[in-house]
Amino acid sequence: MLPVHERLAELFILSRQRQLTTTEEVEQQQCLQVNAMYCWELARLNNELLLAVRTEDAEWQLDIDAQLFELRATGRVSRRRK
């Protein structure tokens, strides 16, 4: 889990207890945007991994695995490889 996901959960809990401040609402929108981009990138990599497996491209599979690890660890992929 990334820190942005933890903060998003905190903001959700706070919103159930009280009205969020304007600053918190902005932060919540920023967290949602980061989460959407994370999910989009994760879906892209999973689709590419499926293609790599089906084409039996072992080198591509390893590359995608490395990108998935980086995404899960840092929240982004530093560069798109193949």
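H1 and H2 are oblique to each other, because their axes meet at an angle of about 135°, and oblique here covers whatever is left once angles under 35 degrees are called roughly parallel, those over 145 roughly antiparallel and those from 65 to 115 roughly perpendicular. The two axes lie 9 Å apart, where an axis is a line fitted to C-alpha atoms, for helices over the stretch in contact, and the angle between N-to-C directions can run from 0 to 180 degrees. The helices themselves are DSSP runs of H or I with at least four residues, numbered from the N terminus.

Before I go on, a word on the model: it is predicted, so that local features need pLDDT of at least 70 and side-chain atom pairs count only at pLDDT 80 or more, while totals for chains, interfaces and linings use all residues. Residues are numbered from 1 along each chain as its sequence is written, and side-chain values use heavy atoms, with hydrogens and water left out.

On the H1 side the contact (heavy atoms within 4.5 Å) is made by Val-4, His-5, Arg-7, Leu-8, Leu-11 and Leu-14, and on the H2 side the residues include Cys-31, Leu-32, Val-34 and Tyr-38. By class, this contact has eight nonpolar, three polar and three charged residues, with Ala, Val, Leu, Ile, Met, Phe, Trp, Tyr, Cys and Pro taken as nonpolar, Asp, Glu, Lys and Arg as charged, and the others, Gly among them, as polar.

Now the second pair. The axes of H2 and H3 come within 9 Å and cross at roughly 160°, which makes H2 roughly antiparallel to H3. H2 also passes H3 in a left-handed crossing. Among the residues making this contact are Tyr-38, Leu-42, Leu-45 and Leu-49 of H2, together with Trp-60, Ile-64, Leu-68 and Leu-71 of H3; by class, the contact divides into 11 nonpolar, three polar and five charged residues.

Which residues of the largest nonpolar core touch the most other members? They are Cys-31, Leu-45, Ile-64, Leu-68 and Leu-71, out of 15 residues in that core, where a nonpolar core is a set of buried Ala, Val, Leu, Ile, Met, Phe, Trp, Tyr and Cys residues joined through side-chain atoms within 4.5 Å. Helix H1 (3-17), helix H2 (22-54) and helix H3 (58-74) each supply at least two residues of the core, and H2 gives the most, with five. Leu-71 touches, not counting residues up to four places away in sequence, Leu-2, Tyr-38, Glu-41, Leu-42, Leu-45, Arg-76 and Val-77.

Finally, the loops and the end of the chain. Leu-20 is found in the loop between H1 and H2 and is buried, with a relative accessible area of 9%; buried means under 20%, exposed over 50% and partly exposed in between, with a 1.4 Å probe and protein chains only. With the same exclusion of residues up to four places away in sequence, Leu-20 touches Leu-11, Leu-14, Ser-15, Glu-25 and Gln-28.

Glu-56, in the loop between H2 and H3, counts as exposed at 70% relative accessibility. Glu-56 has a positive phi of about 55° although it is not a glycine, and most residues other than glycine have a negative phi. Arg-79 lies in the segment after H3 and counts as exposed at 53% relative accessibility.

Terms used. Left-handed = near helix turned anticlockwise from the far one by under 90°.
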